[in-house]
Every structure is written in structure tokens, then in C-alpha cells.
Amino acid sequence: VEYIAKHGDFPFELMDYQKEVVASLANLSRSGMFPDVGTGKTAMSVALAKIRRERFGNRNLIILPPILRYQWEKALRGFGETDITVYDGPPKKRHTKNLKAQWVIMGIEIFKKDFIMVYEAFRHDNVTVIVDEAVSVKNVTSENHRSLRDFLDGNISNDAKMLLKELRPEPKPRRLACQPSSLKSRRRTKV
């Protein structure tokens with residue numbers, strides 16, 4: 001926690017309980033933080049990510065509900081961060097964005113849709129993954145949970161690729177103006 005005080009590009013000092021949380025998680029390879037609303041989860045997450053960057057060279061991936069993307073970008077800029085990519089938009093626009101930025105922010109649905117691309121962009125790096133609104137990955141049988149687990153475990157198998165295919169919506173069949181007679185329902189006749 002002394003790192004934050006010394007390198008202080010934080011706009012304020014963390015409260016004592018926040019420092020304790022950050023210090024207790026800083027050396028763990030995986031950790032969870034589930035404080036109540038209004039206790040400074042964003043500040044603690046950023047502090048933890050900055051410490052991990054200093055110690056281990058970590059880059060940061062933030063997965064969240066899409067409505068929070070620009071709130072996080074604004075918060076990061078307030079903490080002195082400038083190398084930020086908000087990875088959003090239609091596929092052609094997304095695929096031109098810098099996934100090698102120090103901070104990459106994206107919604108959970110886009111994370112799943114572009115899973116292989118995101119994985120490839122981070123696979124050789126130490127990564128701090130922050131999941132805001134972690135309830136979206138809580139259910140261990142959900143696609144959200146499986147995608148995050150596979151990303152963290154490096155489990156990019158054919159099953160994971162297949163999962164991605166399943167996540168893409170199938171095109172809706174077009175309605176025909178007139179159906180061929182073979183598709184019309186046949187009337188039953190009483191005998």
C-alpha cells in the first residue's frame with residue numbers, strides 16, 4: 001500500500017479499511033472483493049491493479065455491464081490513467097481498437113463474442129481482471145461464468161470455440177410470401 005502513497009497518482013488517500021483490503025489481496029494470484037455499495041470498490045480495484053502492475057507488470061481487463069463503461073473510463077482518468085481502451089461498438093469498429101492498452105474496458109456480451117480475440121491479446125501477459133457487478137458471473141452454469149473461467153484458466157479448447165459459435169444468434173428464417181404446397185398443413189378428413 002506504500003506504493004500508492006509514494007507514487008500517488010491517486011486523487012485522494014484511501015481510507016484505512018480500503019488500504020487493509022488492498023494490502024490483503026495484493027499478493028494473491030486470484031482474489032475477490034465484495035464490499036457494500038458506496039465503500040469505494042472502484043478505488044480499491046484501481047489501487048490493487050496499480051500495485052499488481054508495479055510488482056508483476058500486469059495489464060488490466062475490466063468486464064462489466066455496458067452501462068458502466070464510460071463511468072469506469074472517467075474514473076480511471078481521474079486516477080491518472082491515460083492508456084485506456086473502451087472496447088465497444090459494432091464488430092468492424094471494435095476490431096480496430098487497441099487491445100494492448102494498459103486498461104481494456106468491455107461489456108460481458110462483447111467479451112463472450114470476441115473471446116478468442118481478447119484471449120489472444122492477453123495470453124502472454126499477466127492480467128488483472130476486474131469484474132464489476134460480479135453477479136453476472138456468479139452462476140457457475142452460465143455462459144458468462146464459463147467464459148470468464150476459461151479466460152482465467154487459459155482453457156481455450158474446441159469446446160470453448162464451440163461455445164462461442166453457440167452464443168451467436170442464428171439467423172431467423174425468412175417468411176415466404178407463399179408457401180409451397182408441401183409445407184401447408186394438411187386437413188384431416190373424417191372417415
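Tutor: Gladly! Let us start with a rule: two strands pair if DSSP finds at least two bridges between them. Keep in mind that this is a predicted model.

Student: How do you know that β1 and β4 pair?

Tutor: Strand β1 (residues 59-64) and β4 are joined by five bridges, and at least two are needed, so the two strands count as paired. They run parallel. Among the bridge partners, N60 goes with T128 of β4, and I63 goes with V131 of β4.

Student: What makes β2 and β4 edge strands?

Tutor: Each of them, β2 (84-86) and β4, pairs on one side only. The open sheet has four strands in the order β2-β3-β1-β4, with parallel pairing. From one strand to the next, the twist averages 15°.

Student: Which residues of β4 are on its covered face, and which on its uncovered one?

Tutor: In β4 (residues 127-131), T128 and I130 make up the covered face, while V127, V129 and V131 are on the uncovered one.

Student: What packs on the sheet?

Tutor: Helix α8 (residues 143-153) does, touching β1 and β4. Helix α7 (residues 115-122) lies across β1, β3 (103-107) and β4.

Student: Why are α2 and α3 called oblique to each other?

Tutor: The axes of helix α2 (residues 16-25) and helix α3 (residues 41-56) cross at roughly 40° and come within 10 Å. Roughly parallel requires an angle under 35 degrees, and roughly perpendicular begins at 65, so α2 and α3 are oblique. The crossing is right-handed. On the α2 side the contact is made by Q18, V21, V22 and L25, and on the α3 side by M44, A47, L48, I51 and R52. These residues divide into seven nonpolar, one polar and one charged.

Student: Why does the word oblique also apply to α3 and α4?

Tutor: The axes of α3 and helix α4 (residues 69-78) come within 11 Å and cross at roughly 60°. That angle falls between 35 and 65 degrees, so α3 and α4 are oblique. Their crossing is right-handed. T42, S45 and V46 of α3 meet W72, A75 and L76 of α4, a contact with four nonpolar residues, two polar and no charged.

Notes
Residues numbered from 1 in each chain as written. Predicted model: local features only at pLDDT ≥ 70, side-chain atom pairs only at ≥ 80, totals over all residues. Heavy atoms only, no water. Buried < 20%, exposed > 50% of the residue type's maximum accessible area, 1.4 Å probe, protein only. Axes fitted to C-alpha atoms, helices over the stretch in contact; angles between N-to-C directions. Parallel < 35°, antiparallel > 145°, perpendicular 65-115°, else oblique. Left-handed = near helix turned anticlockwise from the far one by under 90°. Contact = heavy atoms within 4.5 Å. Nonpolar A, V, L, I, M, F, W, Y, C, P; charged D, E, K, R; others polar.
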